[in-house]
Amino acid sequence: MKTRAAVAWKAGAPLTIETVDLAGPRAGEVLVEIKATGICHTDYYTLSGADPEGLFPAILGHEGAGIVLETGPGVTTVKAGDHVIPLYTPECRNCKFCLSRKTNLCQAIRATQGRGLMPDASSRFSLDGEPILHYMGTSTFSNHTVLPEIAVAKIREDAPFDKACYIGCGVTTGVGAVVFSAKMEAGANVAVFGLGGIGLNVIQGAKMVGADRIIGIDINPGRVEMARKFGMTDFINPQEVPDVVDHIVQLTGGGADYSFECVGNTGLMRQALECTHKGWGQSFIIGVAAAGQEIATRPFQLVTGRQWKGSAFGGARGRTDVPRIVDWYMEGKLNIDDLITHTLPLERINEGFELMKRGESIRSVVLY
Ligand code: NAD
Ligand code: DAO
Ligand code: ZN
């Protein structure tokens, strides 16, 4: 079939809208009509050329929602007409990682996904006979995409696509880090470094589970109003205090029970660890640092009981947990509407990237 897609031809160049060829789903695959897709920092990271694993030409996008149009042979868990969210972290329920119950990092299709290919090592996208690569196994910047069955979460049909798409990455990454990775308890004191599309979702996750103090740290004071609306109780602009770590330790009477780094800055990662409470503080790295960057702290920070951890896709097992998060939104426990600051047609997708770069949007959503 033919479909409209925003194609990334090379690093640093704007996306161009093309009518591409899309081959139908093979065994274990589904064809999905994407109804809406968010534009995430990670798409920009790849498009900019900073991602050493970025491959071109490719159809980017990993934060979508849509409807299954067709299923390939052997597909049993979804059918045409089902509403789904594509999963860049699949859930096969069968690999060593899934069966361990210790991680959400399913490895069933990891190797081919990382090469921009479907599990049979080929691409379904092409233009003038030349293949175009998939991206993160999702390629939601195409009106139609083909996905492995294990990489779609079936969701309720009354969830609006233009909001549900954000659960495909940002909401799940932030809320999930609190609920699934940290398993945070009510009454906890929390520090959140970076109040963007991820950090604000950490904040609303912390509020949802009943955290006590929720301290937000950001260099952009323009984020304060929104963060307070989502549950932030205290704000720190690092440019206005002599020592952020000391400030958080004072505010919390000894340190945060949990902290989350939602920027991708290794200096902040250190502060996030060191502002946690001696004996039990846990610090979660969510932000993706630039290639080659390393983290450092004094080992005594860990000897004295602080724990340094990481969280990918919020620790969520996609097919199991994403539908639950959609329910939380539909039940009014999560606010997604206010985080979607801009909506655009596919033709204006490059404007969405510009808004993000200028820090003017929390989330821009492309509507097909
Ligand atoms: P964003 O650009 O929307 O937000 C980043 C925020 O950090 C901004 O508000 C900015 O003002 C603030 N900031 C920048 N430098 C700062 C500093 N020195 N001190 C304090 N605040 C600072 O980005 P986002 O969409 O929220 O993504 C955040 C990070 O999370 C990115 O690195 C992204 O790649 C990563 N990410 C990780 C996962 C995962 O599963 N681990 C998933 C999605 C995104
Ligand atoms: O299993 O090695 C693996 C891949 C894990 C991918 C986790 C991705 C989380 C960080 C990237 C940000 C995505 C938007
Ligand atoms: Zn698996």
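Guide: Helices (H or I, at least four residues) and strands (E, at least two) are DSSP runs, numbered from the N terminus. By that count the chain has 12 helices and 17 strands. The model is predicted: local features need pLDDT of at least 70 and side-chain atom pairs count only at pLDDT 80 or more, while totals for chains, interfaces and linings use all residues. Residues are numbered from 1 along each chain as its sequence is written, and chains are lettered from A and ligands numbered from 1 in the order in which they are written.

Visitor: What makes a residue part of the shell around ligand 1, and which are the closest?

Guide: The C-beta atom, placed from the backbone, must lie within 6 Å of the ligand. The shell holds 31 residues, with G194, G196, G197, I198 and G264 the closest. Helix α1 (residues 41–48) gives the largest share, three residues.

Visitor: How do you know that the shell around ligand 1 draws on domain 1 and domain 2?

Guide: At least three of its residues come from each of domain 1 (2–170 + 315–367) and domain 2 (183–310); these bounds come from an automatic or database domain assignment.
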